[in-house]
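I am opening a notebook on a structure that is new to me. I will look up a few side-chain features and write down what I find.

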Amino acid sequence: MASLPLATAEVCDANPHLIMNGELRALHPIFQIYGRRQVFAGPIVTLKVYEDNVLIREFLEEKGHGRVLVVDGGGSMRCAILGGNPVQQAQNNGWAGIVVNGCIRDVDEINGCDIGVRALNSHPMKANKKGIGEKHVPVTIAGTRICDGEWLYADTDGILVSRTELTV
């Protein structure tokens, strides 16, 4: 994990060449900010699911080692694929953050956790539990292709994805 959180605006200003060649990308500004950690960064682990949260829970039960879980939930607004219990577990297991292209629930509980969470919105209905999805695959969310092992940087200005770890 980056030793000091990088400000996304400063990263963009300092790296126009990385933006031009596609090594540094900004996600479209579609995410709500949840959790106590508004600034977070780390290597990315990708997951693709649709209205099912079994694989999300499995990932967050593992040690996070400062990583960021990026979940392509297909942009579904019909149920929540992440709730308070797995976010609490992610905090306890050392995940830096979770970005969900879908909905979450238990917002008050998540906002009490020392972890960064981004999601499209909240929804009271729970997800299916079939265990269907794909791990460690490229995902495209918020106009950006994101691959396992890339780096994510998030703050209140937005979310950046870089092919490599960045320094200022």
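Predicted model: local features only at pLDDT ≥ 70, side-chain atom pairs only at ≥ 80, totals over all residues.

How many aromatic pairs does a search of the whole structure find? The search gives one aromatic pair.

Entry on the pair. I looked up its members and found Trp-151 and Tyr-153. I recorded 6.2 Å from centre to centre and 20 degrees between the planes. The pair counts as stacked because planes under 30 degrees apart are put in that class. I then checked how accessible each partner is. Trp-151 is buried, at a relative accessible area of 11%. Tyr-153 is also buried, and its value is 1%.

Entry on a charge over a ring. I looked at Phe-59 and found Lys-135 lying over the face of its ring. The distance I noted from the ring centre is 5.6 Å.

Entry on cysteines. I looked for disulfides and counted zero. I looked up Cys-113 next and found it in no disulfide. The nearest cysteine sulfur to Cys-113 belongs to Cys-103 and is 18 Å away.

Cys-103 is buried, with a relative accessible area of 1%. Cys-113 is buried, and I wrote down 1% for its relative accessible area.

How values were computed: Residues numbered from 1 in each chain as written. Heavy atoms only, no water. Disulfide = S-S within 2.5 Å. Buried < 20%, exposed > 50% of the residue type's maximum accessible area, 1.4 Å probe, protein only. Phe/Tyr/Trp six-rings, centres within 6.5 Å; stacked < 30°, edge-to-face > 60°. Lys NZ or Arg CZ within 6 Å of the ring centre and 35° of its normal.
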